[in-house]
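Hello,

Here is the structure I promised to pass on to you. Have a look at it first, and then read on for my notes on what turned up.

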Amino acid sequence: MAGGGDELKLLGMWASPFALRAKLALSFKGLSYDYVEEDFKNKSELLLSSNPVHKKVPVLIHNGKPICESQVIVQYIDELFGAWILVFRGKTEEEKAEGVKQTFAVAEKLEGALSECCKGKPFFGGDTVGYVDVVLGGFVAWVHAIEEVFGLNQFDAAKTPLLAAWLERFDELDAAKEAMPDIGRLVELEKMRQAQAQAAVY
């Protein structure tokens, strides 16, 4: 039960950065909730009935009423996710190289945005975590996994020192540690996907 007698239930999937974002938001607010892990290959009736149009996680159910993903995602972070798809799923080396190039370009934009927003403070939200921190925080586990799988350090301290320092601070937050999926599992998941993609080519 959450504070005030409200009942919160979150439908998510452990590897989803979008579900992680919802978990982080709840965690930073200090709200207790029931978490329901979804299987993408065998979606529950609860998920299908709660989000009948998109049939995707995350879905937050508040006192029996589903609230589906409705926030407009910050543009730069959308761009980052789009660049990652090229890195992960690019069919040619050229496509993957373009994804890497785009990833660094977006990281530089985020560096500029962080410089403007924080004005020397630790987070996008200032002294404390704000909306943008939570949105970007949803991708933190994958930032680490991508570095391990592809050797790609997207928040490089030499190129984007503010972003690299932000990542370190975010990693150390108790609420973030509590919500983060296991990086090793993400690495294994991505290696499995890579192997499947390679097998499909031949």
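In helix 6, the buried residues are Val 140, Ala 141, Trp 142, Val 143, Ala 145 and Ile 146; buried means under 20% relative accessible area, exposed over 50%, and partly exposed in between, with a 1.4 Å probe and protein chains only. Helices (H or I, at least four residues) and strands (E, at least two) are DSSP runs, numbered from the N terminus.

Before going further, please keep in mind that this is a predicted model: local features need pLDDT of at least 70 and side-chain atom pairs count only at pLDDT 80 or more, while totals for chains, interfaces and linings use all residues. Residues are numbered from 1 along each chain as its sequence is written, and side-chain values use heavy atoms, with hydrogens and water left out.

Now for the overall picture. The protein has 9 helices and 4 strands, and from the N terminus on its elements run β-α-β-α-β-β-α-α-α-α-α-α-α. Of its 202 residues, 39% are buried. Among contacts with a separation of 6 or more, 69% join residues 24 or more positions apart; contact means heavy atoms within 4.5 Å.

How do helix 4 and helix 7 meet, and at what angle? They pack at about 80°, with their axes 8 Å apart; axes are lines fitted to C-alpha atoms, for helices over the stretch in contact, and angles run from 0 to 180 degrees between N-to-C directions. Helix 4 and helix 7 are therefore roughly perpendicular to each other, a term for angles of 65 to 115 degrees, with under 35 roughly parallel, over 145 roughly antiparallel and the rest oblique. Where they meet, Ala 107, Leu 110, Glu 111, Leu 114 and Ser 115 belong to helix 4, and Pro 161, Leu 162, Leu 163 and Trp 166 to helix 7.

- Gly 12 is in strand 1 (residues 8–12) and counts as buried, at 0% relative accessibility. Leaving aside neighbours within four places in sequence, its contacts include Ala 19, Val 36 and Val 57.
- Ser 27 lies in helix 1 and is buried, with a relative accessible area of 15%. Beyond neighbours within four places in sequence, Ser 27 touches Ala 175 and Glu 178.
- Arg 193 lies in helix 9 (residues 183–201) and is partly exposed, at 31%. Its C-alpha is 8.8 Å from that of Phe 88, 105 residues apart in sequence.

Happy exploring!
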